[in-house]
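Please keep the sequence and the model in view while reading.

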Amino acid sequence: MEYEVVIGLEIHVELATETKIFCDCTTAFGGEVNTHCCPICTGMPGTLPVMNEKVVEYAIRAGIALNCEIAHFSKMDRKNYFYPDLPKAYQVSQFDLPLCKNGYVDIEVDGKIKRIGITRIHMEEDAGKLIHDQWGTGSLIDYNRCGVPLIEIVSEPDIRSAEEAKAYVEKVRSIIQYIGASDCKMQEGSLRADVNLSVRPIGQEKFGTRTEMKNLNSFKSILRAAEHEQRRQISEIEHGNIIVQETRRWDDTKGKSYSMRSKEEAHDYRYFPEPDLVPIELTDEQISKIRKELPELPEDRVNKYINDYQLPEYDAKLLTVSKNISDFFEQAVTSGANPKKASNYIMGDLMKLMNQYDDEAIPFDGDKLAKLISLVEAGTISQNIASKVLSMMYETRKDPAAIVKEENLAVVNDESALSEMIENIIAQHTKSVNDYLGGNTKAIGFLIGQVMQKSKGKGNPQMISRLLEEKLNKLK
Amino acid sequence: MTIEQLHGKLISKEIKVEELVHQYYEKIEAKDKDISAYISLCKDNAMKNAVLIQERINQNKDITPLTGIPMAIKDNMCTKDSKTTCGSKMLENFEPPYNATVVEKLESSGSILLGKLNMDEFAMGGSTENSAFKKTKNPYDLSRVPGGSSGGSAACVAADMAVFTLGSDTGGSIRQPASFCGVVGLKPTYGTISRYGLVAFASSLDQIGPITKTVTDAGLVLNATAGKDKYDSTSSERNIADYNEYLKKDIKNIKLAVPRQYLASGISAEVKDSILNAINEYEKMGIVCEYVDLKLADYAIAAYYIISSAEASSNLARYDGIKYGYHSENYTNLIELYKNSRSEGFGAEVKRRIMLGTYALSSGYYDAYYKKALQVRTLIKNEFDKIFETYDGIIGPTAPTTAYKIGEKSEDPLEMYLGDVYTVSVNIAGLPAISIPCGFDSHHLPVGLQIIGKAFDERKILQIAYAYEQQSSFQGLIKEAK
Ligand SMILES: [Zn+2]
């Protein structure tokens with residue numbers, strides 16, 4: 001039987017506010033345990049929350065950028081459950097009146113555009129972190145994350161493949177980065193996704209029973225977890241088993257998921273309106289002010305790159321997937337780089353390096369790429385050497401000119417040194433020389449390559465080919 | 001003596017702050033072994049502050065009507081680095097790392113904190129019998145309860161072991177003990193005094209307020225404690241410079257409503273007589289008093305117990321034996337740690353409310369209970385609003401009876417809950433109300449008259465209360481307390 005997979009995603013994004021959602025504590029990542037907290041975020045008796053207005057503003061920005069309706073009236077609710085990382089024993093979240101709802105985002109998979117519905121976006125506070133102590137006698141709690149503001153973006157079950165899931169998260173992440181609501185650093189956990197997945201025979205309208213995999217924090221794990229869970233469910237069904245509605249834990253190193261607890265015994269969260277906070281009431285003016293001040297979205301930049309920088313659509317789209325890359329590109333261009341050349345370096349060498357190091361951003365600024373390009377344009381280094389310099393820049397963050405100098409990578413323009421190399425190569429490769437002399441002019445390419453290699457890539461290519469031709473013609 | 005009188009003596013240097021504070025500690029020493037109003041005293045700090053405050057008076061610097069006045073607060077308001085127990089074993093050794101906003105405000109007014117007062121555990125109860133530590137006695141009759149949950153605060157003022165105190169009122173917890181102890185108790189409009197640092201019972205109903213010997217004093221304490229607080233988003237922006245502004249204004253145009261339902265069944269005959277006398281006094285002053293219907297009063301108790309218990313079940317969930325407070329030694333896993341810490345740390349009444357509230361919020365019951373209760377809340381508000389279109393205040397009894405015997409009702413929670421019948425709807429509607437003494441029953445126990453006002457109309461109810469106080473013979477009632 002043919003099956004279809006149905007996926008819905010919940011994306012948790014940590015907002016880029018400087019302070020927490022209900023107190024003045026910093027949201028900075030890292031820090032000694034339990035140093036970024038106060039009586040309010042640790043839920044001391046008698047303390048009260050006060051809404052950080054920036055949180056509401058960022059959440060509205062996200063709602064607008066993801067094409068949602070922004071509620072004129074919404075409120076916070078308490079989600080009650082006991083867990084040691086939750087000092088009040090309830091999480092302040094939003095239940096029936098979220099700030100944003102009914103949005104969508106368009107994704108592109110295999111050249112096809114697909115619209116994914118967004119059910120709602122709501123605000124909530126993060127919990128602390130359990131640390132298993134080094135003596136193994138129990139768990140310790142770090143409250144630094146408690147009260148860090150989050151938004152949860154809930155999609156409709158519109159996603160039909162693991163690739164679409166990945167593309168959706170990429171798109172949402174990129175938009176959130178563009179509007180400045182979050183840095184979305186997945187490695188630091190500021191963006192994580194829960195994957196709700198079910199399968200059903202193609203043609204069947206009713207959804208299958210779904211499972212949920214929580215806290216996936218890389219594109220790779222989202223993709224792999226979804227693929228794996230899809231296969232697992234199909235195999236269960238084909239073996240005559242039924243799918244249990246449950247939460248599963250994805251182990252990315254083992255490439256497997258494990259059952260955690262079934263929903264039947266899940267909590268009754270006893271949501272009710274948070275009486276310590278006043279409802280959030282917004283006027284049309286307030287919402288449209290935020291709409292007007294919304295930073296440039298990826299689509300805006302794509303258009304700018306095509307129209308102002310004359311980049312091909314392919315380049316424009318690829319460069320704008322991530323705000324980090326797009327910002328880098330713009331820095332390079334502002335610093336004088338030719339847009340197409342900058343684009344080529346980014347899409348080629350730099351993206352390869354980012355992949356290799358699993359980085360979310362390029363570790364140096366775009367003006368350094370502009371400098372590198374100008375070194376090539378001036379003939380100081382060759383195209384090949386430029387790639388080498390780029391990877392050294394990536395590792396050391398040094399200035400390209402400094403690297404060229406330190407590593408002695410400047411083009412060799414010394415005619416006598418090159419002539420000597422050429423004579424040696426001619427002597428060693430008699431077959432190619434004869435081929436050339438016999439009329440096969442293509443053979444010269446090979447010989448140029450050999451000289452280039454001999455010069456460790458630093459020989460001035462124009463000079464090499466001129467000298468080589470002169471010497472070969474003398475042999476005729 | 002009242003705040004007003006003592007203020008005069010302090011300013012004229014007839015008495016020094018240290019002497020005054022010392023006198024109060026002597027009184028406490030003499031009386032509190034019988035009354036048991038205090039949970040803890042902070043004598044060292046108070047004596048130290050007395051010297052500093054005297055200095056302020058000598059230099060005539062930053063003097064307020066409360067400067068140098070000895071006072072005490074209910075033990076559910078956080079005092080930095082000193083015990084705040086909420087009358088519970090759960091918080092027996094809890095020392096908050098911060099001060100409640102009211103504590104800061106009282107400190108800057110120059111008043112002197114003598115100690116912290118007994119209460120029903122987490123403010124749940126009407127007799128102060130639910131304290132985990134001691135039973136406070138009514139100064140008028142030591143075999144009787146002082147009311148609750150701010151029983152310590154009311155008994156303390158009645159026995160003059162502090163010039164004034166602060167209590168908290170979620171369903172009558174300031175007014176009812178004030179009524180039982182023959183003192184003045186004011187529950188301001190919800191949002192008037194910051195709740196920051198008041199250990200929450202039911203967040204949408206809790207309100208701090210003064211317990212004093214006179215109406216004027218209540219206004220003075222309100223002046224010092226009210227106001228917008230950036231740490232409490234539910235605190236009101238309204239800025240009222242002097243709550244006593246109307247005290248001496250002409251009262252002739254005032255119209256009062258008397259809800260028929262407040263004088264119908266359930267009220268003791270003697271309390272009813274006192275209230276009817278009070279109404280009579282008002283009429284003699286030329287004030288119009290008319291009977292009205294407050295039909296939803298019957299539903300107020302049910303709505304109140306659902307809303308307050310629901311919020312309490314969530315507010316009290318943080319006491320889990322992990323971060324602070326009582327920690328059971330008897331556990332092998334996390335769930336047991338939770339269960340045993342909470343079972344051993346909370347008293348029976350608190351557990352009853354947590355269970356009631358948890359049930360009311362559970363899926364499948366939410367609509368039938370919690371949601372219904374919120375709807376009733378809106379209807380009750382509307383009913384009050386309607387009355388206030390015509391009347392300036394509503395008067396009636398504070399409680400259906402006078403102080404009862406210790407142990408008399410503690411076995412029957414439902415009967416205890418019915419004692420809140422005249423007070424809870426005020427919290428549900430977020431209104432201000434004051435209880436003032438208006439007579440004695442045949443056991444020489446005080447009766448309280450409740451005056452309810454429009455939201456943020458404290459000045460008017462203080463005016464109405466003051467007018468009665470001036471006419472009646474119950475002024476300075478406290479002298480008669482043992
Ligand atoms: Zn904090």
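A residue is called buried when its relative accessible area is under 20%, exposed when the value is over 50%, and partly exposed in between. B:Asp81 sits in the loop of chain B that runs between strand S2 (70–74) and helix H4 (101–109). Its backbone has a phi near 55 degrees, which is a positive value in a residue other than glycine.

The model is predicted. For the complex, the predictor gives an ipTM of 0.95 and a pTM of 0.88. Chain B has a mean pLDDT of 95, and 98% of the residues of chain B reach 70 or more.

A:Asn408 belongs to the loop between helix H11 (400–406) and helix H12 (415–428) of chain A. Its relative accessibility is 52%, so A:Asn408 counts as exposed, the limit being over 50%.

Chain A also holds a metal site. Which residues coordinate the zinc ion? They are A:Cys23, A:Cys25, A:Cys38 and A:Cys41, each through its SG atom, at 2.3 Å. Along the sequence, these donor residues follow the spacing C-x1-C-x12-C-x2-C. The angles among the four donor atoms run from 101 to 114 degrees, and the site is tetrahedral.

Next comes empty space. Rolling a probe the size of a water molecule over the atoms shows where such space is left. The second largest pocket has a volume of about 1700 Å³. It is lined by 43 residues, and those closest to its centre are A:Lys166, A:Glu170, A:Phe219, A:Val321 and A:Ser322. Several elements of chain A give two or more residues to this lining: strand S6 (100–109) and the helices H2 (162–178), H3 (219–238), H5 (298–307), H6 (313–320) and H8 (339–357). H2(A) provides the largest share of the lining, with nine residues. Sorted by class, the lining has 20 nonpolar, nine polar and 14 charged residues.

The remaining stops are in chain B. The peptide bond that leads from B:Gly148 to B:Ser149 is cis, and its omega is near 5 degrees. B:Ser149 is part of the loop between strand S3 (112–117) and helix H5 (151–158) of chain B.

Is B:Ala278 buried or exposed? B:Ala278 has a relative accessibility of 0%, so it counts as buried, with the limit at under 20%. B:Ala278 lies in helix H8 (residues 269–284) of chain B. Along the chain, B:Ala278 and B:Ser472 are 194 residues apart, while their C-alpha atoms are separated by 8.7 Å.

B:Lys249 occupies the loop between helix H7 (215–225) and strand S7 (255–259) of chain B. Its relative accessible area is 48%, so B:Lys249 is partly exposed, lying between the limits of 20% and 50%. B:Lys249 is 51 residues from B:Leu198 in sequence, and from C-alpha to C-alpha the two are 34 Å apart in space.

Methods: Residues are numbered from 1 along each chain as its sequence is written. Chains are lettered from A and ligands numbered from 1 in the order in which they are written. This is a predicted model: local features need pLDDT of at least 70, side-chain atom pairs count only at pLDDT 80 or more; totals for chains, interfaces and linings use all residues. Side-chain values use heavy atoms; hydrogens and water are left out. Donors are N, O and S atoms within 2.8 Å of the metal (3.2 Å for Na, K and Ca); water is not among the atoms, so sites may look incomplete. Four donors count as tetrahedral if all angles lie between 85 and 135 degrees; four count as square planar and six as octahedral if opposite donors are over 155 degrees apart and all others between 65 and 115; anything else is irregular. pLDDT is the predictor's confidence in each residue, from 0 to 100. On a 1 Å grid over the protein atoms alone, a cavity is a set of points where a 1.4 Å probe fits but cannot get out, and a pocket is an open set with protein on both sides within 12 Å along at least five of seven lines; lining residues have an atom within 4 Å of a point. Grid points are joined across faces, edges and corners, and a volume is the space filled by probe spheres set on the points. Helices (H or I, at least four residues) and strands (E, at least two) are DSSP runs, numbered from the N terminus. Ala, Val, Leu, Ile, Met, Phe, Trp, Tyr, Cys and Pro count as nonpolar, Asp, Glu, Lys and Arg as charged, and the others, Gly among them, as polar. Buried means under 20% relative accessible area, exposed over 50%, partly exposed in between (1.4 Å probe, protein chains only).
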